[in-house]
Amino acid sequence: MIANLVTQVETARANTNRAALAELFPALQYGRSVNLGSTRMHYIDAGQGDPILCVHGNPTWSFYWRAIINELSSTHRVIAVDHIGCGLSDKPQKYNYCLRQHIENLVQLIEYLNLTNITLVVHDWGGPIGVGAALKAPKRFRRLVLTNTACFPPPFIPWRILACRIPVLGTVLIRWANVFARAAVTMATTQKGGLSDKARRGLLAPYNNWQNRIGVDRFVFDIPVARKNETRQLLQKIESGLKTLSDKPCLMIWGMRDWCFRSECLRQLQSHFPQAQTIELAEAGHYVMEDAPREVVAALAKFVAVFPSSSAMAKP
């Protein structure tokens, strides 16, 4: 009887939270999910047409892409994923949280939806995850849009992130005090006083307790430091494979006041995609979709118009 009462209370609370979140993120009406084995992956699937696949980083989720969903789903099919452990996807406490698994999850979703002519839009960890998926199924991808990310081993790790990697203490800070996600809503933006209340509440909503912050924690600890680290080796492999994608139209949109993915990361990516168009946003920070949503959406809309999908593209 007590167990049933607890379940009822938890269900009521979840429904209330979902209703409140829907007010912040109306695109939740387009929420879908797919089972990857025993784990459920949530994603937004709005509109029709050639797909724009948005892949977030840490500690964000599909909410981060709301401007693209709102503005471009009238002309395109906009799909924004929630990685396992993030957003509204399952957050199992025992799971292989690592770059390789996140790539495999995204590939499975792409195959499940049978996506082709994809415009890939990535940010932060979404870069190596999305590009890693593109390397596994290159014929499914038409265009690349890279924003404040890296597809290679990190050339530097800011001290603020290194502090969150201290064994035991780092996990306590991230999962108990929510330091990583809470700090991001002020440190990852150039907006005076941090993000708006709406943006702040939306970005933090899925990460509201110890269990729900496991994905944020594991992303931080998956940042490779040791040279023999599996994720570092995979990042090196992804970087070496970038040349196979260099024939695809590529747009880089960069918040130049990002202290995490600084201009060095942009220059390194430009060396791999010398024909890429680059838009440098001088007053935007790491959360470029929060600091300059209109500029990013306008650039993306123009980019997909200039480089239309080719009907002659081979099927995968």
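Arg-262 forms a salt bridge with Glu-264, with 2.9 Å between the closest N and O atoms. A salt bridge here is a side-chain nitrogen of Lys or Arg within 4 Å of a carboxyl oxygen of Asp or Glu. The model is predicted: local features need pLDDT of at least 70, side-chain atom pairs count only at pLDDT 80 or more, and totals for chains, interfaces and linings use all residues. Residues are numbered from 1 along each chain as its sequence is written, and side-chain values use heavy atoms, leaving out hydrogens and water.

**Salt bridges**

- The count comes to nine salt bridges.
- Arg-262 is partly exposed, at 31% relative accessible area; Glu-264 is partly exposed too, at 35%. (Buried means under 20% relative accessible area, exposed over 50%, partly exposed in between, with a 1.4 Å probe and protein chains only.)
- Arg-66 forms a salt bridge with Glu-290, the closest N and O atoms being 2.8 Å apart.
- This pair links distant parts of the chain, 224 residues apart: Arg-66 is in helix H2 (residues 66-72) and Glu-290 in helix H12 (residues 288-291). (Helices, H or I of at least four residues, and strands, E of at least two, are DSSP runs numbered from the N terminus.)
- Arg-66 is buried at 16%, and Glu-290 is buried at 9%.

**Asp-258**

- Asp-258 lies in the loop between strand E7 (250-255) and helix H11 (263-272).
- Asp-258 is buried but has no salt bridge; Arg-160, the nearest side chain of opposite charge, is 8.1 Å away. (Lys and Arg count as positive, Asp and Glu as negative; His and the chain ends are not counted.)
- The side chain of Asp-258 makes a polar contact with the side chain of His-286, at 2.7 Å. (A polar contact is a pair of N or O atoms within 3.5 Å; within protein, one must be able to donate a hydrogen and the other to accept it, and residues adjacent in sequence count only if both atoms are side-chain atoms.)
- The Asp-258 side chain also reaches the backbone nitrogen of Cys-260, at 2.7 Å.

**Helix H4**

- Helix H4 (residues 126-136) is mostly covered, with nine of its 11 residues buried.
- Among the buried residues of H4 are Gly-126, Pro-128 and Ile-129.
- The cover over these buried residues includes strand E3 (51-55), helix H3 (99-113) and helix H10 (230-241). (Contact means heavy atoms within 4.5 Å.)
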